[in-house]
Amino acid sequence: MYDLTHDGRRDGHRSPRLRSLYLIPGGVALLAGLDAGLLLLGLPTPVRTDRLPEVHGMLMVLAFVGTLVALERSVALGRRWGYAAPAGLGLGGIALLTPLPAWSGGWLMVLGTACLVAVYVPLWRRAPAAAVLVQAGGAVLATGATVLWVGGVPVHALLPWLAGFLVLTIAGERLELARVGNLDPGTETAVMLIAGAAALATVASLLWPAVGYRLLGATYLSLTVWLVRHDVARRTIRSTGLPRFMAACLLAGYAWLALAGAYWLIGGRADGAATYDLVVHSVFLGFVVSMIMAHAPVILPAVLRRPLPYRPVMYLPAVLLHASLLLRVVVGDVGGVRWAWQAGGVLNIVALLLFVLLAAWSVLAAGRLPVRRLAGGGLP
Ligand code: HEM
C-alpha cells in the first residue's frame with residue numbers, strides 16, 4: 001500500500017484536485033450509510049427512503065471504504081485506467097441512492113471491483129510479493145460479493161465476502177510493512193496460506209454455512225495471531241506521537257477482529273439480530289474503521305499530496321469509537337439492553353464524523369506539502 005514509487009508518466013490524474021473528486025462519492029456514501037445506520041437503529045434520521053436500510057452494508061463497505069481502497073491503489077499504480085476502480089465503486093454507491101434500479105448501482109460496483117482486481121496485475125508485475133497476492137485475493141472476494149449481490153444473494157449471506165475484501169486488503173498492507181523489518185520467507189508463506197484458507201472458507205460459508213463459518217473463524221483468528229506477532233505496532237506502541245497513535249488503533253482493531261473470528265469459530269453463522277450486529281460491527285467498525293483512523297495520516301497525504309499532520313486530539317474519535325462499540329456490543333447486543341445498542345450506535349456515528357472533520361480540518365490547516373517529501377512515505 002505504501003509503494004508510491006511509480007513513474008506517473010501515464011497517470012492522467014496526477015492533479016491532486018482531480019483525484020480528490022473521487023473522494024466525493026465516497027463521502028456521500030458515508031453520509032448516506034450513516035443515515036441508513038440510524039434508520040436501522042430505529043431512530044429518527046435526516047433522510048428516509050425505503051431503499052436506504054437495504055443498501056447500508058453495500059454503501060459502507062464498497063462505496064465508502066472500497067472507494068478509498070481503490071483510489072489509493074490507483075494512485076500507487078499511476079495509470080489513468082486504474083481510476084475506473086474508484087469511479088465504478090463510488091458511482092455505484094451514488095446510483096443506489098437514486099430511483100434507478102438497484103442493479104444499475106450493483107453493475108457499476110461489479111465494474112469497480114473487477115477493475116480493482118485488474119489494478120493488482122501490473123502491481124504484481126512491478127513487485128511480485130505475497131502482500132500483493134493477499135490484497136488481490138481481497139479484491140477477488142469483493143468482485144464475488146458484487147456479482148452475487150447483483151444476482152440476488154442478500155447481504156447477510158455475503159457478509160464473509162465483504163469482510164474478506166477489507167480484512168485481506170488490510171492484512172496485505174500490514175504484511176508489506178512487516179517485510180520491511182526483515183521478515184523470514186516462511187512467515188510470508190504462512191500468511192499466504194492463511195489468506196488462501198480464508199478465501200476458501202468464504203466460499204464454503206455460502207455453500208456449507210455450518211462448516212464454512214467455523215473455518216472462517218479459525219482463519220481470522222490465525223490471521224490475527226500472525227498480525228499481532230509480526231506487526232511493528234507491538235514495538236511502536238512504546239514510542240510517541242503518530243507511531244504510537246497508529247499502533248494503538250492497530251492493536252485495538254486486532255482485538256475486534258479476534259472477537260469476530262472467535263464468535264464464528266465457536267458459534268458458527270450469526271443468525272440472531274444481536275449476534276449479527278456484534279459480528280458485523282466488530283469487523284467493520286472495530287477493525288476496519290480503526291485501521292482507517294490508523295492509516296489516514298499516511299494514506300491521505302499520498303493521495304491528495306497534502307499533509308495530514310498527526311494531532312493528539314485524534315485520540316478523541318479513536319477512543320470514542322472503541323468505547324461506544326463496547327457499549328453497543330457488550331451492553332446492547334450481549335446484555336440485550338436496547339437503549340445501549342442505540343446509544344452506542346449513535347456514538348459510533350459521532351466518532352466517525354468527528355474523525356472525518358478532524359482530518360479535513362488538519363489537511364486544510366496544514367496547506368500544501370511538496371510532492372517530493374510525501375513520496376518518501378515513511379511509515380511507523
Ligand atoms: C457508524 C455507525 C454505524 C451504525 C449505527 C450501523 C448500524 C447498523 C445496524 C443497526 C445494522 C443492522 C444490524 C442487524 O441487522 O442486526 C447494520 C448492518 C450492517 N452494517 Fe452497519 N452501522 C454502522 C457502521 C457500519 C460500517 C462503518 C460498516 C462497514 C464499513 C457497516 C456495515 C454493515 C453491514 C455490512 C451490515 C449488514 C447489512 C445487511 O445485512 O443488509 N456498518 N449496521
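In this predicted model, helix α7 packs against helix α9 (residues 209-230) at an angle of about 20 degrees, and their axes lie 11 Å apart. Because angles under 35 degrees count as roughly parallel, α7 is described as roughly parallel to α9. The crossing in which α7 passes α9 is left-handed. On the side of α7, the contact is made by P160, V167, A171, R174 and A178, while α9 contributes L216, Y220, L223, L227 and H230.

The ligand is surrounded by 25 residues, of which G37, L40, G57, M60 and F284 are the closest. The shell is made up of 17 nonpolar, 7 polar and 1 charged residues.

A further point of interest is R126, which belongs to helix α5 (residues 102-126). Is R126 buried, exposed or partly exposed, and why? R126 is partly exposed because 15 other C-beta atoms lie within 10 Å, whereas 20 or more would be needed for a buried residue and 12 or fewer for an exposed one. R126 and E72 are separated by 54 residues in sequence, and the distance between their C-alpha atoms is 16 Å.

Key
Residues are numbered from 1 along each chain as its sequence is written. This is a predicted model: local features need pLDDT of at least 70, side-chain atom pairs count only at pLDDT 80 or more; totals for chains, interfaces and linings use all residues. A residue is near a molecule or strand if its C-beta atom, placed from the backbone, lies within 6 Å of it. Ala, Val, Leu, Ile, Met, Phe, Trp, Tyr, Cys and Pro count as nonpolar, Asp, Glu, Lys and Arg as charged, and the others, Gly among them, as polar. Helices (H or I, at least four residues) and strands (E, at least two) are DSSP runs, numbered from the N terminus. Axes are lines fitted to C-alpha atoms, for helices over the stretch in contact, and angles run from 0 to 180 degrees between N-to-C directions. Angles under 35 degrees count as roughly parallel, over 145 as roughly antiparallel, 65 to 115 as roughly perpendicular and the rest as oblique. A crossing is left-handed if the near helix is turned anticlockwise from the far one by less than a right angle, and right-handed if clockwise. Two residues are in contact if their C-beta atoms, placed from the backbone, lie within 7 Å.
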